[in-house]
Structure formats: structure tokens, C-alpha cells
Amino acid sequence: MSLKISRILHAGYVFECNGTQIAFDPVFENPFSRNCHAFPNVKFHHDEIKNLKLDAVFISHYHDDHCSLESLNYLDRRTPIYMFCVFEEMFSLIRELGFQNVHSLKLNETLKIGSIEITPRRALDEDVDSIFHIQAEGINVLNVVDSWVDYETLNLLVKGNSWDLVLWPFQTMREIEVLSPSRFPAASRTLPPEWLEQIKALKPKYIVPSSCQFSMEPWSWYNHAFFPITYKEFQKEMETILPDSQVVRLNPSMSIRLDQNSLSTSKNLSWVEPLGDQDVDYKYDGNLKPPTTAKVARHFEPLTEEQTAFVLKYCEKGLIEKYKSMEPPLDSYFEKARNWCLSLYDHNGVQTSFYYRLQGNEITRLASMPEPLSWFTEVPMAKVYAALELGESLTSMYIRINDRVFDPAIEKEIQDADIVEDPLIRSLFNGVFGSYQKAQLKKIKSQSR
């Protein structure tokens, strides 16, 4: 008896055993999450996906590259959905899409779906992520999704388990560093030591470099700044620490069949069509000079007059109201009065700037640029609109923070400031949950009328 494992895309898989078929974190879109383009490239055949008879769907967490209502929309509404999420609102959104058999996963509680057992385990960010222990026919698979593993969970996983296969997220993405590229050193192109230690402790027979099967828009400088690890490097380091284990690359649509003694290739998914070269790899450039935000903004479609007015009004009033309503920033940098410039760039790269004075959760709009400037945020105007109305996430907004040299006194103080305490980021995203899925649901409903 054997377990068949097929790669959909990114963190998406289908597990099959003895007639039981379960999907994990399925994404049937390209691009997904607004600007994540399949890497390697694929095409989905949605007519076939609509006819899938899945026994269940398991979703590890609510991030939009794992929980997409537009992808779930292709599935039979009788399909049971199991999800780890501490926010009840997400389950309500999925039910509103038409799924009624929707369940909240409890950590360390095993579920048996046909011939497959699934046990969600705690990830390092326990309020967001989960990982999956999957068992079938005496075979043990660990799906780490794109989480980090804490050592308490690691000890639980190591104790009494012999791992046949581990799906390990191989990429150390530079999500924060690209927000302020001049203030961070180049990335290490090797795996974090704790990853090596943990994988070595698990001692799997087979390791799949998992998650992160995407790149950004073809023109994006992120493609050479966001992804420092290559498949080649991952394989080299795995072979060094675990010479008796085998690294298995699974491109989208590819399938393997696993039993207690061997691994073999199997028939690919018919509804995921590979396009072009599939054995692609990432190319990181630690010396890359990013384009200006004005140049980046020219790649986006122009806003309508109404949309532009909406963004400008937000900067004049809505942002101020939201900022005042929040708790003061945790970073001590904002305990003192700070002068902030927010610059927006339209589709022609034309700049519109707003000036504010901040202290704690107090904010005042200023008529002109103050001196000395002590915080600087740049962003395409189209992305501010998308964050407010379309559920755009931070990683695709092309925000640039403090990417300049301030006065010497400010430079000395700002070195240790946390850039995610940026006033625009906090105003757009603090206290906001499920905006991407809500925007998807609104779109789906409008299309069905």
C-alpha cells in the first residue's frame, strides 16, 4: 500500500490513499495573492478542478497565499473544510461562500479522513500558523507549510516518530528587508542554522523543498532581492547534513508515490499544466540598486478620479482618525515628537506628499515639510487604494520606508527603530483581519449576479 502526493503550487498538495483524496492549502490561481506568479509557470484547468471529488480540504492558516476564496470557489460546496485559525470570522466568510461543512482545527487533535490521519501541530507563530503530521499506511509525512518550528514542537515531532518525508519551506524571504533596502545588509545565501539543526533531528528519508513557488511581476526588482536561497543551495546543504536522505524537487503538477520502502514518480495532476522551463531557480543579487518608487508606480494602472480622491481624502482625514484610535507604537522611537513625510506616486510617477507630526498616538497634519524630517514613507498611490478597498497585503504594496539619509542626530536615533511601526503600515493594517478574503467574496458575489 502507498501514499500518493501531488504538488499543486506553492504550499498546495493533494494526498491520496486507498481512494481518499485530501487537498492542503489549495491555490488554483496564477497569479495568486495579487502579484505572486507561479515559478515555474503553470496554467490551471478550472473545468477539471470543478469536478474534483475531494474528501476534505485542510488549510494551515489564513494568509492569502494559503486561504483563497477564489480558489475554494472552484470546489464542490459539499467538500468539508478544516482550517486552523483563531479568528471565527474566517470560518464565517468560508460559510458565506457556500461551504457549510466548515471546521476549526484543534492543535494536537488527530482527525481521520478515510485512510488518512491528520494531526495539526503548533508552529512558532501559534496565533497564525500550523503544521501538519500526516499518516497513512504506516507512512509519516511532516508538512511544515511555510512556518518556523519551535523547539517544544520539534521535541514532540522527534519523539517516537520515524519520518518518511518532510515538506520543508526552503526559502528565507526578505519581506521586511525590501521595505527599507538601504538599511539592511545583503542576505545570507545559506540556510539558517536552526533549520539545519531541526531537519537533522527529524532525519527524514526524503525532503521536499516546499512552499515559495512564486516570483513577483516580471518587471519587479523584488525578484532579485526577495529570494536569497536557491534550490541548488538547499539540496547541497541537505546532502551535507543528511547524506543518507534524498532531496526530491516537486514542481507544480508532479506526483510521487511513497511506501515504507521506496519513493517513485507517479502520474502528474492533469489539471495543472506546466508552461515553459520547469527547473527554474532563484537569482539573488545582494548588490542590487532598487528603482525609485516613482519608477515602480509607473507599472500600475491609473486610478480613476474617484479612486484618487478617495486615497487623498484618506491621507487628509481617515489616516489621522485611524492613527489616533490606535494604541501608541511599541517602538520607543515614537515616544518623542517625529516629523513624518508620506509621499504617494501616481501612474506617471508624479509625487504628492503629506506631512505630519507624530508623538505616541497623537498625529497632526502639517502644511509644509517640517525640519528635521525624521520618518519617510513612499508608496504607489494605486497600492494605497488597493490596501483600503481590495485587500492588498503589505508584501505586494512596494512601500519604501526611510530609504534615505537623515540628519546625523536622527540617523543615530533611527538605527534601532522598527520599520513595521511605520505610521502608514499601522494605519492600514492594525486591527484589520481578512480584508483580502472579504474583497474576494465581494468580487465573487458581484460576478454571480
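Around the buried residues of helix H5, the covering elements include strand S12 (139-143), helix H4 (151-158), strand S13 (165-169), strand S14 (206-210) and helix H6, where contact means heavy atoms within 4.5 Å and where helices (H or I, at least four residues) and strands (E, at least two) are DSSP runs numbered from the N terminus. The model is a predicted one, in which local features need pLDDT of at least 70 and side-chain atom pairs count only at pLDDT 80 or more, while totals for chains, interfaces and linings use all residues. Residues are numbered from 1 along each chain as its sequence is written, and side-chain values use heavy atoms, with hydrogens and water left out.

Helix H5 spans residues 193-202, and its buried residues are Trp-195, Leu-196, Gln-198, Ile-199 and Leu-202; buried here denotes under 20% relative accessible area, exposed over 50%, and partly exposed in between (1.4 Å probe, protein chains only). An α-helix has 3.6 residues a turn, so residues three or four places apart point the same way. After H5 comes Lys-203, with a positive phi near 50°.

Ser-245 is placed in the loop between helix H6 (231-241) and strand S16 (246-247), and this residue counts as buried because its relative accessibility is 16%. The side chain of Ser-245 reaches the backbone oxygen of Pro-204 at 2.5 Å, and, with neighbours within four places in sequence set aside, Ser-245 is in contact with Pro-204, Lys-205 and Ile-207. Within helix H6 itself lies Lys-232, which counts as exposed because its relative accessibility is 68%. Lys-232 and Tyr-282 are 50 residues apart in sequence, and their C-alpha atoms are 9.3 Å apart in space.

In soluble globular proteins, nonpolar side chains tend to be buried together.

Leu-105 is found in the loop between strand S8 (102-104) and strand S9 (111-113), and it counts as buried because its relative accessibility is 4%. Beyond its neighbours within four places in sequence, Leu-105 is in contact with Phe-58, Ile-59, Tyr-82, Met-83, Phe-84, Leu-111, Pro-120 and Phe-132.

The largest pocket has a volume of about 1,500 Å³. On a 1 Å grid over the protein atoms alone, a pocket is an open set of points where a 1.4 Å probe fits, with protein on both sides within 12 Å along at least five of seven lines, and lining residues have an atom within 4 Å of a point; a volume is the space filled by probe spheres set on the points, which are joined across faces, edges and corners. Of the 48 residues that line the largest pocket, His-63, Glu-175, Ser-393, Leu-394 and Thr-395 are the closest to its centre. The second largest pocket holds about 410 Å³ of space and is lined by 14 residues, of which Arg-34, Glu-70, Leu-390, Ala-439 and Lys-443 lie nearest its centre. Helix H12 supplies the largest share of this second lining, five residues.

Note on methods: A polar contact is a pair of N or O atoms within 3.5 Å; within protein, one must be able to donate a hydrogen and the other to accept it, and residues adjacent in sequence count only if both atoms are side-chain atoms.
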